[in-house]
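Student: I have a structure open here and would like to go through it. Could we begin with the charged side chains and then turn to the metal site?

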Amino acid sequence: MCGINELLGFAPGICEICGNECEFCIHGEFYEFRCPFCGNFSTPNPGKHPYNLSLRRQNHQGTKEEFDIETAKIIYLVHKKTFGRNDYPLITGDDLNIVKYPLSLSEQIDEYVLWAGKLLKYPGNDIKTQIHEAFFGCANADNFWYLLDVLEQEKIITKKLLDVDDFEKLSLTRDGALNCYPTLSKKGWDKFDELNRRKIESKQAFVAMWYNDKEDLKQAKPNMMNVYTQALEPAIKNNGYEACVLNQIEHVNDINDEMISQIRKSKFLVADLTGYRGGVYWEAGFAYGLGLPVIYTCHKSWLKPEYNDNNEIIREGVHFDVEHRNMILWDNVEELKVKLERRIAAVVI
Ligand SMILES: [Zn+2]
């Protein structure tokens, strides 16, 4: 069934993540948003979404400053997932506790350089765009102005990034659009190349997976540690890469700098979706945002959701936004090893 807005196209609305004006459209069961700050995204549960601004405001226990930093963190995570994409990735909101926020100053500088380098079509390109301080992992507007000063002092940008008249408008509760002219100096472009080269020269592959070491095949729970040693690791190794897996890490409520830095150092990421782990989706989305190739694999039983006689969900299936991607479905470790080895050879140059 088509929603009425699907027939009419996009209508003006309010972004449920950042609270700014945006466009939205009902597309089947999903709501699609086009936000100048969060990018294009879709969600299956608008209004009840864990990232929903008014819902979060109602439930928030801490200070206003803490709330604003949490909002900036969410915009950072969503923008990371949507930047540079033409589709509407699904935002599920189960990854709030993963990243340490705000980012460190050197990470903020890297984020700026990667953002500007991807946005500008060539050195000297002059384009106008809208920005949000959260794009660069900043806590708030003060943090962003400080970052801007550092970018100038370090001669990474060539001129003022923003129109002076617009200065006061940058904040999480903005009431007007902020015009920004991204620039990079020669030093900035060199840094952009260096950040990309770090990825190109890397011999590491990050594995995001479910750390289940108890086999229960009746419940479709394979021993994933065996799957790692017998299929994932050898398939990666046979292509000349080292597999990196951060074993025994609980993703919920864990701020994990180590994981972030290992993904940043990797050339590509293998995401096994067996077990429906929120952390795996987050890691895959983060790698995608960095421009790394992501290869998805999944045990056959976990592709579609499973229901009991009362139509209650007993096992989740693969998320909508990765379901259509070219995924390796596997039944046993031998099959997975062969298919993954071939896929890595085809996808990773
Ligand atoms: Zn938004």
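**Salt bridges and the zinc site**

Tutor: Eleven salt bridges are found in a search of the whole structure, which is a predicted model.

Student: Which residue forms a salt bridge with E111?

Tutor: E111 pairs with R264, and their closest N and O atoms are 3.5 Å apart. E111 lies in helix α4 and R264 in helix α8 (residues 257-264), so this contact ties together parts that are 153 residues apart in sequence.

Student: Is E111 buried or exposed?

Tutor: E111 is buried, with a relative accessible area of 4%, while R264 counts as partly exposed at 23%. Both belong to a network of salt bridges that includes K80.

Student: And where do K337 and E341 lie?

Tutor: Both are in helix α11 (residues 333-347), four residues apart, or about one turn of the helix.

Student: Now the metal. Which residues are the protein donors of the zinc ion?

Tutor: The donors are the SG atoms of C15, C18, C35 and C38, lying 2.3 Å from the zinc ion. Along the chain they follow the spacing C-x2-C-x16-C-x2-C.

Student: Why is the arrangement tetrahedral?

Tutor: The arrangement counts as tetrahedral because the four donor atoms subtend angles of 101 to 114° around the zinc ion.

Student: What about the strands: in which sense do β3 and β4 pair?

Tutor: They pair in the antiparallel sense over five bridges, and form a hairpin with three residues between them. Four of the five residues of β4 are buried, so this strand is largely enclosed by the rest of the structure.

Notes:
Residues numbered from 1 in each chain as written. Predicted model: local features only at pLDDT ≥ 70, side-chain atom pairs only at ≥ 80, totals over all residues. Heavy atoms only, no water. Donors = N, O, S within 2.8 Å, 3.2 Å for Na, K, Ca; no water. Tetrahedral: all angles 85-135°; square planar, octahedral: opposite > 155°, others 65-115°. Buried < 20%, exposed > 50% of the residue type's maximum accessible area, 1.4 Å probe, protein only. Helix = DSSP H or I, 4+ residues; strand = E, 2+ residues; numbered from the N terminus. Pairing = 2+ DSSP bridges. Salt bridge = Lys/Arg side-chain N within 4 Å of Asp/Glu carboxyl O.
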